[in-house]
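Student: I have a protein open in the viewer and have never looked at it before. Could you walk me through it?
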Amino acid sequence: MNCQKDNFCLATAIGSLPHKDVNRACRIILENLPDAPIWPQLAKRSFKENMYVQYSENLPCIVLDEQAEKVFFETTKDVEQELEKFYQRYIDQDIDYFKISRDYAAGFYLILEELKERKTRFVKGHLTGPISFGLTVTDERKKSIIYNEQIFDCVVKGLAMKALWQISEFKKLNRSSIIFLDEPYLSAFGSSYVSLGKDDVIRPLDEIIETIKDAEDVLIGIHCCANTDWSMLMETKADIISFDAYGFIDNLALYPDDLTAFLKRGGILAWGIVPSGEEVMKEDCGSLVKRFEQGLELLSGRGIQRELLLKNLFITPSCGTGSLLEEVAERAFSLTLELTNQIRKE
């Protein structure tokens with residue numbers, strides 16, 4: 001299977017759900033994402049499923065304090081010994097060392113069991129992107145670990161290996177993979193709070209993407225749930241750009257040349273057109289179809305060929321639903337499926 005082809009209007013989602021019941025979360029996913037189900041990230045179930053904790057397992061110098069709900073890097077300990085152990089596992093390509101344990105991702109293991117009995121086009125995995133991870137998780141002095149060159153290099157490589165581990169598990173089901181790098185912190189790019197240049201963002205993203213691309217049958221996306229410099233993301237080697245089309249289509253439209261170049265090289269837009277907030281309770285399929293059409297008209301009015309926009313696209317909620325009430329999150333998932341089916345018909 002060539003997973004770059006025939007991706008017209010497939011439904012998928014970002015990772016988080018608000019449920020504590022793993023079985024119910026997986027059932028919602030399987031009922032509403034028949035083409036590209038995700039595995040659920042359930043931070044309300046356990047602090048270990050927090051998006052910054054979930055991928056920290058076995059990174060060098062990491063300290064997890066569950067009681068205080070803190071995760072940080074202790075850089076005053078024997079760093080060299082920890083780094084040596086880490087890099088040896090990385091050089092050996094010991095993918096199992098970088099696995100996400102059941103305690104950190106209960107839904108991962110359950111969804112894979114369920115998928116043994118189902119046929120799907122893809123399985124979608126996810127990981128916190130290196131920029132958001134590096135800016136959020138700190139050392140013991142509360143300095144963002146992205147500014148510690150030695151440890152941050154391990155973060156980038158460790159995240160890449162955790163993606164490869166997910167892909168290896170999906171391959172056991174004989175499924176193609178989608179992996180999203182979730183980068184909420186990119187909305188702060190260019191502000192006084194983040195002293196990073198464009199290359200500082202693109203370089204670690206591309207390192208992970210290039211590592212993942214060594215696997216077969218995988219599409220790699222970058223998700224940002226707010227506004228950012230979209231041209232920067234289109235300069236990466238990502239296959240998919242996932243954006244909040246409900247709230248930020250106007251911002252994406254400011255980059256018509258970059259978007260055209262991205263689509264012409266086979267790039268895919270994941271339209272987060274279903275709001276992942278209380279607004280979803282006021283929307284229905286008809287109103288979202290209208291909003292999607294307005295988005296198409298806006299982009300095509302900027303000179304972007306409609307055919308390119310429709311050739312490859314995914315429909316998703318605008319962001320993760322982990323902070324919502326369960327009924328609101330479930331409404332977002334059901335509308336995603338309904339909208340996808342309606343767009344296919346039209």
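Student: What share of the contacts with a separation of 6 or more comes from residues 24 or more positions apart?

Tutor: In the protein, residues 24 or more positions apart account for 75% of the contacts with a separation of 6 or more, where contact means heavy atoms within 4.5 Å. Please keep in mind that this is a predicted model, in which local features need pLDDT of at least 70 and side-chain atom pairs count only at pLDDT 80 or more, while totals for chains, interfaces and linings use all residues. Residues are numbered from 1 along each chain as its sequence is written, and side-chain values use heavy atoms, with hydrogens and water left out.

Student: Okay, and how many helices and strands are there?

Tutor: The protein has twelve helices and ten strands, taken as DSSP runs numbered from the N terminus, with helices being H or I of at least four residues and strands being E of at least two.

Student: How much of the protein is buried?

Tutor: Buried residues make up 60% of the 346 residues, and buried means under 20% relative accessible area, with exposed being over 50% and partly exposed in between, using a 1.4 Å probe and protein chains only.

Student: Which residues touch the most other members of the largest nonpolar core?

Tutor: Phe73, Leu259, Leu269, Trp271 and Ile315 do, in a core of 116 residues; a nonpolar core is a set of buried Ala, Val, Leu, Ile, Met, Phe, Trp, Tyr and Cys residues joined through side-chain atoms within 4.5 Å. The largest share of this core, 13 residues, is supplied by helix 5, which covers residues 149–171. Apart from this core lies another one of eleven residues, including Phe122 and Ala270.

Student: Back to helix 5, then: is Phe170 buried or exposed?

Tutor: Phe170, which lies in helix 5, is buried, because its relative accessible area is 0%. Leaving aside neighbours within four places in sequence, Phe170 is in contact with residues including Trp39, Phe108, Gly125 and Ile179. The C-alpha atoms of Phe170 and Gly125 are separated by 9.0 Å, although the two residues are 45 apart along the chain.
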